[in-house]
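Subject: A structure for you to explore

Hi there,

Here is the structure I promised to pass on. Have a look around it first, and then read my notes below.

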Amino acid sequence: TWHLKKIPQIVRERTFSLDSPKFEAKTKLELDSVCGIECQRKLPVPSLSDLKNLLSYETVFENGTRTLTEVNVLGVVLDPAGNTTTRRPSRKKRQIYGTDSRFSIYDKRFMTNFPFNTAVKISTGCSGILISPKHVLTAAHCLHNGKDYVKGSKRLRVGLMKTKSRGNGRKRKGTSDGMPSFQWTRVKSTHIPKGWFKGVSGDIALDYDYAVLELKRPHKRKYMDLGISPTIKMMPGSMIHFSGFDNDRSGQLVYRFCSISDESNDLFYQYCDAEPGSTGSGIYLRLKEPNKKKWKRKIIAVYSGHQWVDINGEQQDYNVAVRITPLKYAQICFWIHGNDENCTQG
């Protein structure tokens with residue numbers, strides 16, 4: 001069941017202009033030597049002033065201008081337990097772990113219907129997911145390498161799936177229902193938490209690897225609601241699901257489901273089969289609504305991609321996802337609505 005949680009408030013304190021970015025960074029979809037499970041366990045619990053700094057955010061607009069918004073955080077309960085993780089046996093493998101368990105979605109009935117049609121393509125080479133009529137959730141490192149915005153992010157576009165028939169518009173016998181093509185929409189503005197900029201060069205690592213894009217024009221499709229990430233124990237079979245546009249299956253929407261191997265307060269470590277291109281996909285669960293018989297899918301994490309992490313002093317690879325915690329829910333919800341009134345219950 002989805003459990004309702006009281007959400008902290010993110011309140012805008014002041015916004016001021018920054019110099020325009022250079023937009024010269026190279027897109028790098030795999031990070032090196034990030035703070036891993038052992039490292040996370042040793043990190044101190046962020047203080048309230050730390051959280052205010054980490055959850056302040058940059059906004060880049062379509063014309064290249066940039067602002068920094070400082071925030072206050074109200075009603076937050078700091079967890080004295082720190083970054084706890086569950087211990088699972090370690091493995092050393094690659095992005096495809098054993099037999100490739102990904103599914104390419106060819107059938108038009110699936111591709112153009114919920115939940116698959118909430119997946120979008122980002123023009124810098126990543127994936128994302130629709131979270132409102134005008135907003136897309138993706139990974140921060142698809143847009144910014146920690147020092148500068150990546151090339152192509154100044155004229156950022158989002159591709160919404162549509163299907164095209166092969167041949168002269170008529171479906172031929174024996175062919176699939178069509179491969180996806182994209183209706184490209186310009187991005188009006190991009191929000192990235194300040195924690196990401198510290199994370200790449202400091203010790204917070206991947207915890208803030210998420211960003212929200214506001215589209216120039218609203219779409220008329222169904223989108224996915226946000227949810228608070230439950231712990232592994234509260235998930236049916238510890239299973240998660242996500243769809244994206246993996247580079248090794250060009251032009252295909254690729255779906256997968258798998259179990260989580262390990263978790264910290266902010267990250268899921270798993271062996272979901274994935275390749276670059278699916279980075280930024282929305283990871284979702286299907287749970288029951290409280291006091292109802294209805295089931296509902298919600299996004300509970302953002303797929304950050306294949307990363308090397310430190311475990312017992314050794315580098316080991318995982319596929320990592322950033323969990324949507326109550327604080328991150330409050331921030332993303334604030335970016336969508338522009339106030340905290342719609343974001344009190346997660």
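The mean pLDDT of the chain is 80, and 78% of its residues reach 70 or more. Over residues 85-94 the pLDDT stays under 50, and the model has 30 contacts beyond four places in sequence for them. Residues 171-176 also have a pLDDT below 50, with 5 contacts beyond near neighbours in sequence. Where pLDDT is low, the predicted coordinates should not be read in detail.

**The overall picture**

You will find 5 helices and 17 strands in the chain. Of its 346 residues, 54% are buried. Among contacts with a separation of 6 or more, 75% are between residues 24 or more positions apart. The chain exposes about 15,800 Å², and carbon and sulfur atoms supply 49% of that area.

**Salt bridges**

The structure holds 10 salt bridges.

Another salt bridge joins Asp 225 and Lys 296, whose closest N and O atoms are 2.6 Å apart. Here too, distant parts of the chain are linked: Asp 225 is in strand β11 (residues 225-226) and Lys 296 in strand β16 (residues 295-311), 71 residues apart. Asp 225 is partly exposed at 26% relative accessibility, and Lys 296 is partly exposed at 26%.

Glu 289 and Lys 298 form a salt bridge as well, with 4.0 Å between the closest N and O atoms, and both residues are buried.

**Aromatic rings**

There are 9 aromatic pairs in the structure. In one of them, the ring centres of Tyr 57 and Trp 335 are 5.5 Å apart and the planes are at 75 degrees, so this pair is edge-to-face. Tyr 57 lies in strand β2 (residues 57-61) and Trp 335 in helix α5 (residues 326-337), so the pair ties together parts 278 residues apart in sequence. Tyr 57 is buried at 3% relative accessibility, and Trp 335 is buried at 5%. Together with Tyr 208, Tyr 210 and Phe 334, these residues form one aromatic cluster.

**Two loops to visit**

Which residues does Ser 278 contact, leaving aside its neighbours within four places in sequence? They are Ser 127, Gly 244, Phe 245, Asp 246, Arg 256 and Tyr 303. Ser 278 sits in the loop between β14 (267-270) and β15 (282-288), and counts as buried at 0% relative accessibility.

Val 45 is in the loop between α1 (37-42) and α2 (48-55), and is partly exposed, with a relative accessible area of 34%. With Leu 48 and Leu 78, Val 45 forms a nonpolar surface patch of about 210 Å² accessible area together.

Enjoy exploring!

Best wishes

Key:
Residues numbered from 1 in each chain as written. Predicted model: local features only at pLDDT ≥ 70, side-chain atom pairs only at ≥ 80, totals over all residues. Heavy atoms only, no water. pLDDT = per-residue confidence, 0-100. Contact = heavy atoms within 4.5 Å. Patch = residues over 30% accessible without salt bridge, like charges linked within 9 Å, V, L, I, M, F, W, Y side chains within 5 Å. Areas by Shrake-Rupley, 256 points an atom, 1.4 Å probe, with all protein chains shown as cover. Salt bridge = Lys/Arg side-chain N within 4 Å of Asp/Glu carboxyl O. Helix = DSSP H or I, 4+ residues; strand = E, 2+ residues; numbered from the N terminus. Buried < 20%, exposed > 50% of the residue type's maximum accessible area, 1.4 Å probe, protein only. Phe/Tyr/Trp six-rings, centres within 6.5 Å; stacked < 30°, edge-to-face > 60°.
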